[in-house]
Amino acid sequence: MECTIYGAGVLTISDKGSRGLRVDESGMAAVALLEGEGFKILRREIIPDDRGRIVGTLLEWVDKEELALIVTTGGTGLSPTDVTPQAMLEVIDYPVPGLAEAMRAESLRKTPHAMLSRAMAGVRKKSLIVNLPGSPGGVRDNLSVVLPALKHGLSKLAGDPTDCAT
């Protein structure tokens, strides 16, 4: 039974949200789900769809604050302003494609547009970063799918030497 409390951050990436023109419902949905699973939210911020700001924030949260888990919301589609995946590629040491694949598979049950998602998940140092869609429903659907695996993954990142077999 996993009893470790992991520090997490929720980063909402939204031009309108960062200017106060939209309520951050997707960030609130992520916080509620994570707290419900025992994660401690140590950082929460809303920033614009700016690649440099995304990279800078992720680097600070990983390298300086050493958050175990970071979830981002928004910026994963095909719009010219959707730059979250490009920023992720600058930050992560390696991808964890199974998380993104699981999220897309679940989303495809509801909409064919899910196949247009460029959301990814990856590791930098001992932190796991997971991109989520910008809608509250998308956050709930996608995060719910990967939550059962997150604590195990974070335990492994932290150096847990036990076998993964059940």
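**View 1. Here is K16, a partly exposed residue at 41% relative accessibility.** Partly exposed sits between two cut-offs: buried means under 20% relative accessible area and exposed means over 50%, using a 1.4 Å probe and protein chains only. K16 lies in helix α1, residues 15-18. Helices here are DSSP runs of H or I with at least four residues, strands are runs of E with at least two, and both are numbered from the N terminus. Leaving aside residues up to four places away in sequence, K16 touches L21 and R22, where contact means heavy atoms within 4.5 Å. K16 and Y6 are 10 residues apart in sequence, and their C-alpha atoms are 30 Å apart in space.

A quick note on what you're looking at: this is a predicted model, where local features need pLDDT of at least 70, side-chain atom pairs count only at pLDDT 80 or more, and totals for chains, interfaces and linings use all residues. Residues are numbered from 1 along each chain as its sequence is written, and side-chain values use heavy atoms, with hydrogens and water left out.

**View 2. This one shows the largest nonpolar core, with 25 residues.** A nonpolar core is a set of buried Ala, Val, Leu, Ile, Met, Phe, Trp, Tyr and Cys residues joined through side-chain atoms within 4.5 Å. Look for F39, L69, V71, L128, V130, L143 and L150, the residues with the most contacts inside this core. Elements that give two or more residues to the core include β1 (7-13), α2 (25-36) and α6 (136-157). Which element gives the largest share? That's α6, with 7 residues.

**View 3. Now see how α2 and α6 pack, at an angle of about 25 degrees and with their axes 8 Å apart.** That makes α2 roughly parallel to α6, because angles under 35 degrees count as roughly parallel, over 145 as roughly antiparallel, 65 to 115 as roughly perpendicular and the rest as oblique. The axes are lines fitted to C-alpha atoms over the stretch in contact, and angles run from 0 to 180 degrees between N-to-C directions. From α2, E25, S26, A29, A30, L33 and L34 meet P136, V139, R140, L143, S144 and L147 in α6. Sorted by class, this contact has 8 nonpolar, 2 polar and 2 charged residues.

**View 4. Next up is the pair α3 (residues 51-64) and α4 (residues 84-91), packed at about 45 degrees with their axes 9 Å apart.** That makes α3 oblique to α4. On the α3 side you'll find R51, I54, V55, L58 and L59, and they meet T84, Q86, A87, M88, E90 and V91 in α4.

**View 5. Last, compare S107 in helix α5 with D141 in helix α6.** Which of them is buried? S107 is, with a relative accessible area of 14%, whereas D141 is partly exposed at 24%. Not counting residues up to four places away in sequence, S107 touches A114 and N142, and D141 touches E106 and K110. D141 and L42 are 99 residues apart in sequence and 23 Å apart in space, C-alpha to C-alpha.

Methods: Ala, Val, Leu, Ile, Met, Phe, Trp, Tyr, Cys and Pro count as nonpolar, Asp, Glu, Lys and Arg as charged, and the others, Gly among them, as polar.
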